[in-house]
Amino acid sequence: MTSTPESNNTTATESVARTATAVQYTITDLEAAINHWRQQHPAPRDSMALCPEAAALAEHYAGMIVFRQNRFELNQLSPSAHAAFVSAQTALASQHSALQPQTPLPRAA
């Protein structure tokens, strides 16, 4: 199959768009998500077990430590870690916005 210049341009454009929109998160974001789940489902006093969500995130966290990585993208997470991270980020963002004072918008003159 031969490719046309248009199809090559589309592919290049799509590739650039995907790269430009890729969001990177920090290891600190991952730690916050793990801590969120630890607060939601604390381990019993005589156990050091993590809930499934925190455990899925901790597995990726350990890999980042071993390979000295500071950033990651969502597509690098396992499906269970991805769901846990997105859910924690949503909950943390909602908690953060609830703590912000509601400032009225300035009135137009």
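Student: Why is Arg68 called exposed?

Tutor: The model is predicted, so every value here is computed from it. Arg68 has a relative accessible area of 76%. Exposed means over 50%. Therefore Arg68 is exposed.

Student: Where does Arg68 lie?

Tutor: In the loop between helix H3 (52-66) and strand S2 (71-73).

Student: What is the phi of Arg68?

Tutor: Positive, at about 50 degrees, although Arg68 is not a glycine. Most residues other than glycine have a negative phi.

Student: Why is Gln39 called exposed?

Tutor: Its relative accessible area is 64%. The cut-off is over 50%, so Gln39 qualifies as exposed. Gln39 sits in helix H2 (residues 27-40). Its C-alpha is 9.9 Å from that of Ala54, 15 residues apart along the chain.

Student: What makes His60 count as buried?

Tutor: His60 has 17% relative accessibility. Buried means under 20%, so His60 counts as buried. His60 belongs to helix H3.

Student: Which residues is His60 in contact with, leaving aside neighbours within four places in sequence?

Tutor: Leu30, Phe72, Gln76 and Leu77.

Student: Why does His36 count as buried?

Tutor: The value for His36 is 5% relative accessibility. The limit is under 20%, so the label buried holds for His36. His36 lies in helix H2. Beyond four places in sequence, His36 touches Ala88, Ala91, Leu92 and Gln95.

Student: Which residues of H3 are buried?

Tutor: Ala54, Ala56, Leu57, His60 and Met64.

Student: How do you know that the buried residues of H3 line one face of the helix?

Tutor: Look down the axis of H3. The buried residues fall within an arc of 160 degrees, so they line one face. On the other side of H3, Pro52, Glu59 and Val66 are exposed. An α-helix has 3.6 residues a turn, so residues three or four places apart point the same way.

Student: How does the span of H3 compare with the expected one?

Tutor: H3 has 15 residues and reaches 21 Å from its first C-alpha to its last. That is close to the 21 Å expected at 1.5 Å a residue.

Student: How many residues are in the largest nonpolar core?

Tutor: It has 17. Those with the most contacts inside it are Leu30, Trp37, Leu57, Phe72 and Phe85. H2, H3 and helix H4 (79-99) each give two or more residues to this core. H2 gives the most, with 5 residues. In soluble globular proteins, nonpolar side chains tend to be buried together.

Student: What does Leu57 touch, not counting residues up to four places away in sequence?

Tutor: Leu30, Ala33, Ile34, Trp37, Ala81, Ala84 and Phe85.

Student: How many aromatic pairs does the structure hold?

Tutor: It holds 3.

Student: Why is the pair of Tyr25 and Phe72 called tilted?

Tutor: The ring centres of Tyr25 and Phe72 are 5.9 Å apart, and their planes stand at 35 degrees. Centres within 6.5 Å make a pair; under 30 degrees counts as stacked, over 60 as edge-to-face, and the rest as tilted.

Student: What makes the pair of Phe72 and Phe85 edge-to-face?

Tutor: The planes of Phe72 and Phe85 are 75 degrees apart, with 5.3 Å centre to centre. Over 60 degrees counts as edge-to-face. Phe72 in strand S2 and Phe85 in helix H4 are 13 residues apart. Both Phe72 and Phe85 are buried. Tyr25, Phe72 and Phe85 form one aromatic cluster.

Student: Where is confidence lowest, and where is it highest?

Tutor: It is lowest in helix H1 (residues 5-21), at a mean pLDDT of 46, and highest in H3, at 97. Over residues 1-20, pLDDT stays under 50. For that stretch the model has 1 contact beyond four places in sequence. The chain mean is 81, and 70% of the residues reach 70 or more.

Terms used. Residues numbered from 1 in each chain as written. Predicted model: local features only at pLDDT ≥ 70, side-chain atom pairs only at ≥ 80, totals over all residues. Heavy atoms only, no water. Helix = DSSP H or I, 4+ residues; strand = E, 2+ residues; numbered from the N terminus. Buried < 20%, exposed > 50% of the residue type's maximum accessible area, 1.4 Å probe, protein only. Contact = heavy atoms within 4.5 Å. pLDDT = per-residue confidence, 0-100. Expected span 1.5 Å × (residues − 1). Arc of directions from axis to C-beta. Core = buried A, V, L, I, M, F, W, Y, C linked by side-chain atoms within 4.5 Å. Phe/Tyr/Trp six-rings, centres within 6.5 Å; stacked < 30°, edge-to-face > 60°.
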